[in-house]
Amino acid sequence: MRLRRLGPDDWATWRDIRLTALGSDPGAFGSTLALEGGYDEARWRELLSPEHGVKVVAEDPQPVGLVAGVPHDIHSDVLYLYSMWVKPGFRRRGVGEALVGDVLEWAREHGWARVQLRVFEGNGTARRLYERLGFAGEGEIMDRPLAPVS
């Protein structure tokens with residue numbers, strides 16, 4: 001498995017894995033397949049532009065997982081981790097941990113103070129993963145302070 005950070009020219013890769021994720025686990029996201037399936041190439045490219053953070057896929061050799069880190073809407077020092085998803089046949093094999101770890105590394109490299117995420121109620125598997133990676137929090141919001149790169 002390899003991790004790959006995507007840019008605007010990788011829009012079709014991000015689109016395909018994102019739509020697969022939305023179709024496979026529709027209740028796990030704050031969006032829908034119907035909505036994002038209607039995006040055009042320009043919208044997908046925009047989502048992958050540097051001002052929208054980082055998008056990462058795990059490949060084996062085709063994409064088997066994805067995650068994104070985007071600037072938080074309210075807190076300027078917070079990178080928001082979202083869209084974390086791994087294909088069912090690749091779960092519990094370290095793919096999710098590797099994806100989140102890459103976003104944390106990118107966040108440190110770019111000077112973010114914290115990474116925050118939302119875990120839907122009842123998703124104990126995801127909560128345990130995030131806790132292993134240093135996230136903490138009650139309820140749906142989990143937070144992880146980042147030490148600056150020295």
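R92 counts as exposed, at 74% relative accessibility. This residue of the predicted model sits in the loop between β4 and α4. Its phi is near 60 degrees, a positive value in a residue other than glycine. S83 also has a positive phi, about 65 degrees, and is not a glycine. S83, however, is buried, with a relative accessible area of 6%.

**Backbone geometry**

- S83 belongs to strand β4.
- D60 and P61 are joined by a cis peptide bond, with omega about -15 degrees.
- P61 lies in the loop between β2 and β3.

**Nonpolar cores**

- The largest nonpolar core holds 28 residues; L81, M84, L99, V100, V115, Y130 and F135 touch the most other members.
- At least two residues of this core come from each of β2 (54-59), β3 (63-71), β4 (78-86), α4 (95-109), β5 (114-118) and α5 (124-132).
- The biggest contribution is that of α4, with seven residues.
- A second, separate core has 14 residues, among them A21, L22, F29 and W85.
- Beyond its neighbours within four places in sequence, F135 is in contact with V100, L104, V115, L117, Y130, M142, D143 and R144.
- In soluble globular proteins, nonpolar side chains tend to be buried together.

- Helix α1 (residues 11-24) has 14 residues, which should span 20 Å at 1.5 Å a residue; its end C-alpha atoms are 20 Å apart, in agreement.
- W11, W14, I17, R18, A21 and L22 are the buried residues of α1.
- Seen down the axis of α1, these buried residues fall within an arc of 145 degrees, so they line one face of the helix.
- Their cover includes α2 (33-36), α3, β2, β3 and β4.
- The 15 residues of α4 should span 21 Å at 1.5 Å a residue, and the end C-alpha atoms are 21 Å apart, which agrees.
- The buried set of α4 is V95, G96, L99, V100, D102, V103, L104, W106 and A107.

**A buried serine in a loop**

- S49 is placed in the loop between α3 (41-47) and β2.
- S49 is buried, at a relative accessible area of 9%.
- The side chains of S49 and E51 are joined by a polar contact of 3.0 Å.

**Salt bridges**

- The whole structure contains 16 salt bridges.
- E109 pairs with R5, and their closest N and O atoms are 3.3 Å apart.
- E109 lies in helix α4 and R5 in strand β1 (residues 2-5), so this pair ties together parts that are 104 residues apart in sequence.
- Both partners count as partly exposed: E109 at 45% relative accessibility and R5 at 33%.
- R43 forms a salt bridge with E46, with 3.4 Å between the closest N and O atoms.
- R43 and E46 are three residues apart in helix α3, so about one helical turn separates them.
- R43 is partly exposed at 28% relative accessibility, and E46 is partly exposed at 37%.
- R118 and E140 meet in a salt bridge of 2.6 Å, N to O.
- This pair links distant parts of the chain, 22 residues apart: R118 is in strand β5, and E140 is in the loop between α5 and β6 (141-145).
- R118 is partly exposed, with a relative accessible area of 42%; E140 is partly exposed, with 26%.

Methods:
Residues numbered from 1 in each chain as written. Predicted model: local features only at pLDDT ≥ 70, side-chain atom pairs only at ≥ 80, totals over all residues. Heavy atoms only, no water. Core = buried A, V, L, I, M, F, W, Y, C linked by side-chain atoms within 4.5 Å. Buried < 20%, exposed > 50% of the residue type's maximum accessible area, 1.4 Å probe, protein only. Helix = DSSP H or I, 4+ residues; strand = E, 2+ residues; numbered from the N terminus. Contact = heavy atoms within 4.5 Å. Polar contact = N/O pair within 3.5 Å; in protein donor to acceptor, adjacent residues only side chain to side chain. Expected span 1.5 Å × (residues − 1). Arc of directions from axis to C-beta. Salt bridge = Lys/Arg side-chain N within 4 Å of Asp/Glu carboxyl O.
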